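Student: I would like to learn how to read a protein model, feature by feature. Could you take me through this one slowly?

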Amino acid sequence: MSAQPASDVTSSRAPLRPVLLAVRDMTVAFGGVTAVNGLSFDAHQGEVLSVIGPNGAGKTSAFNCITGFYKPSAGRVVFDGHDITGKRPAIIAGRGVARTFQNLRLFGELTVLDNVRAGMHVRLRQNALDAVLHTPRYHRSEQEATDEAHRWLDFVGSSGDRGGAVRNLPYGEQRRVEIARALAREPKMLLLDEPAAGLNHGEKEALLGLLRRISELGTAVVLIEHDMGLVMEVSERIVVLNYGKEIAEGTPHEIRTNPAVIEAYLGSTDAEARAEAEQVAQMSDAEIFGEQEEGRS
Ligand SMILES: Nc1ncnc2c1ncn2[C@@H]1O[C@H](COP(=O)(O)OP(=O)(O)OP(=O)(O)O)[C@@H](O)[C@H]1O
């Protein structure tokens, strides 16, 4: 199937790059709860797209369907021209989709380097015989993997001890290692579920730069995030969910001024969602967009 742009939503500044991910009429139901309700959106090659919405809006459920952890009850997911609807996570990962989770999923007892090398395992040119016999090819391939793991750790700005157990690193460092591991798969698309959660101000600034560097590699970044400052600064487009439905899609400026979005956040009974809305309301356009426009011109 050739992915057609979603027709039921509008964006005044449609990206010119080809569609990489096309989600169409996707519904996810758990018993009586419809977590995602007829969701359609596109993500384009190399863009940074954020998926936002109040708690329980269906963001993580949508991610879980795209990456094969849940099967949608209806609808289709097409990635890079392939129908991946309901396929297993390993198959979808093999197509070039990598992700991180809301809660860290690193191998805590393994070293930082081994965690990242685990991410590239699928790409290593080794066979079981090489591994058992420790052939020169095996040693070469192991050395290449180690060198590459160091490069990805440098890329994400990791400064912790790479030979020690990952669980001993501070939380923000572990987050970086998780992103390095996902990047080591050399994905076409990286989905990040709340990467800024638990980070301090400096770490969020570093994350912002990292997200831009990832998109400059040509990797599409799809982000679930509650930190509206980060979302508004880094995103080219934003998709907004509420009660499982898409209520808006557009540029940061369009989203920030969209009455349905303001209503969804300000009308929420969730204090965190209201705080997010206020955070955006208090930011000036120059604050949000000035630096971005400059950086991208
Ligand atoms: N495995 C599950 N079983 C039953 N209900 C679920 C399951 N996963 C999610 N839900 C429900 O689906 C709805 C959407 O949840 P989801 O976690 O996708 O929202 P979210 O937008 O990611 O929220 P948050 O911002 O809090 O992470 C919620 O009502 C949630 O309770």
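Student: What should I keep in mind about the model, and what does the secondary structure of the chain come to?

Tutor: Keep in mind that this is a predicted model. The secondary structure comes to twelve helices and ten strands, and buried residues make up 41% of the 297 residues in the chain. If you take the contacts with a separation of 6 or more, residues 24 or more positions apart account for 69% of them.

Student: How is the chain divided into domains?

Tutor: Domain 1 is made of 1–96, 188–203 and 236–297, while domain 2 covers 106–185. Where the two touch, the contact takes eight residues from domain 1 and seven residues from domain 2. The side of domain 1 that touches domain 2 has four nonpolar, three polar and one charged residues.

Student: How do I describe two helices that pack together, and what are the values for α3 and α6?

Tutor: Two packed helices are described by the angle between their axes and by the distance between those axes. Here helix α3, residues 112–120, and helix α6, residues 171–183, have axes that come within 7 Å and cross at roughly 30°. Angles under 35 degrees count as roughly parallel, and therefore α3 is roughly parallel to α6. The crossing of these two helices, α3 and α6, is right-handed.

Student: Which residues make the contact, and how do they divide by class?

Tutor: From α3 come Val112, Asn115, Val116, Ala118 and Gly119, and from α6 come Val177, Ala180, Arg181 and Ala182. The residues of this contact of α3 with α6 divide into six nonpolar, two polar and one charged.

Student: Which value does phi of aspartate 80 take, and where is the residue placed?

Tutor: Phi of aspartate 80 is near 50°, a positive value in a residue other than glycine. Aspartate 80 has its place in the loop between β4 (74–79) and β5 (82–83). With 17 other C-beta atoms within 10 Å, aspartate 80 is partly exposed, because that class lies between the 12 or fewer of an exposed residue and the 20 or more of a buried one.

Student: And where is glutamate 186 found, and what is its phi?

Tutor: Glutamate 186 is found in the loop between α6 and β7 (189–193), and its phi is near 50°, a positive value in a residue other than glycine. Glutamate 186 has 16 other C-beta atoms within 10 Å, so it is partly exposed.

Definitions and conventions
Residues numbered from 1 in each chain as written. Predicted model: local features only at pLDDT ≥ 70, side-chain atom pairs only at ≥ 80, totals over all residues. Axes fitted to C-alpha atoms, helices over the stretch in contact; angles between N-to-C directions. Helix = DSSP H or I, 4+ residues; strand = E, 2+ residues; numbered from the N terminus. Parallel < 35°, antiparallel > 145°, perpendicular 65-115°, else oblique. Left-handed = near helix turned anticlockwise from the far one by under 90°. Nonpolar A, V, L, I, M, F, W, Y, C, P; charged D, E, K, R; others polar. Domains from an automatic or database assignment.
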